[in-house]
Amino acid sequence: MINTKKIAYLIVDLQNDFGRKETAALYVPDGEKVIKPTNHLREIIESVGGLVVLTADAHTEDSSTFAHNVPGGEIYKLYKFSNGEDRILWPRHCVDGTDGSKFLDGLVVKDSDFIVKKGVDRTKEEYSGFASNTTCLHEKLQSSRVNKVLVSGLALDYCVKATAIDAAKLDYKVCVATYASRGNLAATVEESKKEMLDNHIILAETIEEVMAFVNN
């Protein structure tokens, strides 16, 4: 019997406001260094007939994730909203249609890629590519008969982690290519790795470990 299940590669938020050091509003240290390994990984996934997905923050100007839009809000500080939710507030970044929201120069993007815009709801924080029904990511993976996903990108301790954990909760087999990802802070990166391991996610530190996941 032919195995019609396949893999998807979820490339998370490789956008100017995260990875272009000179102008980034919310720069992830060494974020630009993931472009080369990301392009290599997509070649591998394409070679086995996999699906390539790119997620992208696409905030509105009045997004409640931006500190300046929240009365008394401070950048990088927790804020309790009226619904009881505690959320970190961020500087303005990745507003849909701006230069900061564009994919990083040098990143291979093709017409066949499935693009997921997240953060479009001004009232919510959407770190995960699965966070909003508007992304239709789960539906796309299901219709493409995907049963396992490779994840990498920016930032490992926020959007990469959230996307990977949501994928695991939806019963996909998940591997995060940590060497093709970067995080904001060493402490939160280590915490995030532990959380992902607790959710039965494979953390691949090398291309050999990625290949073992792809071929398994």
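Reply: Helices (H or I, at least four residues) and strands (E, at least two) are DSSP runs here, numbered from the N terminus. The model is predicted, so local features need pLDDT of at least 70 and side-chain atom pairs count only at pLDDT 80 or more, while totals for chains, interfaces and linings use all residues. Residues are numbered from 1 along each chain as its sequence is written, and side-chain values use heavy atoms, with hydrogens and water left out.

The structure holds 16 salt bridges (a side-chain nitrogen of Lys or Arg within 4 Å of a carboxyl oxygen of Asp or Glu). One of them joins K118 to D13, with 2.7 Å from N to O. K118 belongs to strand β5 (residues 114-118) and D13 to the loop between β1 and α1 (16-19), so this pair ties together parts that are 105 residues apart in sequence. Both partners, K118 and D13, are buried; buried means under 20% relative accessible area, exposed over 50%, and partly exposed in between (1.4 Å probe, protein chains only). D13 counts as buried because its relative accessibility is 0%.

D13 also deserves a look for its backbone. Its phi is positive, about 55 degrees, although D13 is not a glycine. A positive phi is found again at R145, where the value is near 60 degrees and the residue is likewise other than glycine. R145 sits in the loop between α3 (137-143) and β6. With 41% relative accessibility, R145 counts as partly exposed.

A further salt bridge pairs K33 with D30, whose closest N and O atoms are 3.6 Å apart. Here K33 is partly exposed at 47% relative accessibility, and D30 is partly exposed too, with a relative accessible area of 32%.

K193 and E205 form another salt bridge, the closest N and O atoms being 3.8 Å apart. K193 is in helix α5 (residues 186-198) and E205 in the loop between β8 (202-204) and α6, so the pair ties together parts that are 12 residues apart in sequence. K193 is buried, with a relative accessible area of 18%, whereas E205 is partly exposed, with 43%. Salt bridges also link R42, E46, K110 and D113 in a network.

Next, the nonpolar side chains. A nonpolar core is a set of buried Ala, Val, Leu, Ile, Met, Phe, Trp, Tyr and Cys residues joined through side-chain atoms within 4.5 Å. The largest one has 29 residues, and those with the most contacts inside it are L14, L41, L150 and V210. At least two residues of this core come from each of β1 (6-12), α2 (35-47), β2 (51-57), β7 (173-177) and α6 (207-215). The greatest share is that of α2, which gives four residues. Apart from this core lies another, of 26 residues, with F130, V151, I165 and V189 among them.

One more backbone feature remains. The peptide bond that joins L154 and A155 is cis, with omega about -15 degrees. A155 is found in the loop between β6 (146-153) and α4 (156-169).
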